[in-house]
Amino acid sequence: MKLRVVAAVHAARLATFVSRRLLGRGGTALPGLVAERVAPGALAGLGGQLERTVLVTGTNGKTTTARILAAILAADGKAVVANREGSNLTRGMVSALVAEAGWRGRIAAAETTIGVFEADEASLPAAAAALQPAAIVFTNLFRDQLDRYGEVDTVAGFWRRAIAMVPDDCVLILNADDPSVAELATVRDLPVRWFGIDDLRSGGERGAFDARWCGACGTDFSYDHRFFGHIGHWRCRGCGRERPTPGTSALRVSDGEDGLSVEVQGLGIVETGLRGQYNAWNTLAAIAAGEVLGASAAALRKGPATIGPVFGRQESFAIGSKTLRLYLVKNPAGANQVVQLLGRTDEDDGFAFFLNDRFADGQDVSWTWDVDFELLAGRGGRVWAGGDRGADAALRLHYAGLGVEPVLPPQPAEALRTLLEAMDEGLTLHAIVTYTALLELRRELARQGLAKSTLD
Amino acid sequence: MAHLYPDVMNIYGDRGNIIALRHRCELRGIDSEVVEVNAGDPFDPAEFDLVVIGGGQDREQRRIADDLLTRGPSLKAAVEDGLPVLAVCGGFQLFGHRYVGLDGETIPGIGIFDMETRHPGVEADRCIGDVVLATEFGAIVGFENHGGRTYLGSGQEPFGTVVHGRGNNNGADSSEGARYRNAIGTYLHGSVLPKNPALADGLIEMALKRRYGDDFELAPHDDAAEQAAHASAVARAKSREGDRGLGRGPLAAGRRLRAKLRDLAGR
Ligand SMILES: [Zn+2]
């Protein structure tokens, strides 16, 4: 162990102590930030001790996929170290490793521990260079908040750079249904494990779409079947490239009240507490990664079954006879998936959209016009809009043909009170929320002692 | 109305402009039909009452530029004849003479507006943020996100004057967008029409007057929801401009950090 990395671990532990005891915060990034300052090689020095590491990246689904994969490995009897929700820069990975490291910078039982780290799209090259992963999972590539990284091409560029730096036996775990992700297989001659959905009962509607074209010949992709957005069974009529046949394939996806049931080829039925078709891809991605790491069939089935909602993604709060469900959305693609899911809930259930426009939400709210809220028109339940930009949210819903109640007050406490008073007994309110709105609502729910999250 | 290149030039909620135009026609009992025109599709602008084109990333602009060029003469003739057009962001840039990109590569435009747009290089920051303009349609709000700086020809009218934000950001004037006859070009998305009903109605009215004669007027409508969104966007532009006017240097970095923390924590 390099002395400098040991010093970094000490400094980071001190930072953990200071932030927890003196500032009263459970900050997850600070220790890693400090460690990286003391030793720029901290991630490599600590992560290099692990048996193997898997990185998970993509616009949507990386937190969920990493969680399911960690559960699969745990079910297989493996020790796992993982970064926490939202801490997906390299400093977040370092923080997670520091927490496992002793005073000499050694991670206990490192040689039998697997690292599962979700990586921010732009952090992937640095993470891949330092950790030399055994596999990288790419979930999908959508437009995100454009004031963050600029263009889809920019993100694809980060990923190509990362792929150039991994070892020769690193397995790329790629979404066959996303042509932009599939293109990554052409970057370098690495082993690839494909996952995808072969149940064609869903999708087909037009919805929001942004065109993708073939990197080899420039022709627009055609679709034999389109699930949503640019995700589907694609082919290029110019050069003949087409969606690869996935090794990890969902033959049937059923979305029930209690979660998804996915029939995976060669594995049988896999169940999970998560809902929505998009979580079928996340489940498949995690299973594909588990297969690559040699997890048993039993663990591949059991892991997903232990997963309930991930932080803010479909969290449920019981308040008397009423239920409040929170769905975090970060971009139109993710929001469209949630809207499709809500279209299948009890039509008397209420619906709310909390729109904030702070740095972490994306300051530009125009993405709301790329969400097909029109799919929710004609439901029986009441509809609310709130958040810093509640008026914008209300206007979007109004133009989607929904009858919107008066805009909720901007203060989270007031908004919550208004909502809970207005909700009918026994019903569920489904709230689509942006990131800082989610933090505020959770904080308020905890502060008022109104509810205990089913997640905690 | 025609929506040009909806699958490619659709970057910042440009669909919202179409949704708003249809909605506001419907309110007045006016039937509307949207024809999506993609590269290679047949399209005669003379047959349309309104044309809308949205924005795209650089690679997307390059993708449609050749196709748009072939349609340049017919679009230009229709604009001379009074066709109302809304061209946003990347679409606006291609309605000028040319766009000179980051790498110096020139994408020729169709020259409906006497202007050109140049990217000032990687060192220059993008113009990102809330915008308020003064225009003949009153105050117009939106959000801009563009690298290029737009230089208007000497006789070229802007769409409006920047009150908050950057606009054409050419260093010479505080102009935003461009206006020629009934064609309007602007950097504002957001989407621009839902929050600015006066502009949406203005475009519809121009279309109806062109077809049915000058005495046509749109029935007024209760715009409470639209005005509330408009007002919240104006308030946001004002509060954020406070954060941006923090200057340069190490002390300013501290001020910006504090502003960002305040923003994260909720003002
Ligand atoms: Zn091709």
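**Exercise 1.** State which strands form the six-strand open sheet of chain B, in what order, and which stand at its edges.

*Solution.* Step 1: the order is β2-β1-β3-β4-β14-β13 in chain B, and the pairing is mixed. Strands here are DSSP runs of E with at least two residues, numbered from the N terminus, and two strands pair if DSSP finds at least two bridges between them. Step 2: β2 (35-37) and β13 (178-180) of chain B have a single partner strand each, so one side of each lacks a neighbour in the sheet. Step 3: from one strand to the next, the twist averages 15°, with axes fitted as lines to C-alpha atoms and angles running from 0 to 180 degrees between N-to-C directions. Step 4: β1 (residues 2-4) of chain B runs parallel to β2(B), joined by three bridges; in β2(B), V35(B) is the bridge partner of A2(B).

The model is predicted: local features need pLDDT of at least 70, side-chain atom pairs count only at pLDDT 80 or more, and totals for chains, interfaces and linings use all residues. Residues are numbered from 1 along each chain as its sequence is written, while chains are lettered from A and ligands numbered from 1 in the order in which they are written.

**Exercise 2.** Describe the four-strand open sheet of chain B.

*Solution.* Step 1: the order is β9-β8-β11-β12 in chain B, with antiparallel pairing. Step 2: β9 (138-146) and β12 (175-176) of chain B are the edge strands, each pairing on one side only. Step 3: three bridges link β8 (residues 127-135) of chain B with β11 (residues 160-164) of chain B in the antiparallel sense. Within β11(B), L133(B) has V162(B) as its bridge partner.
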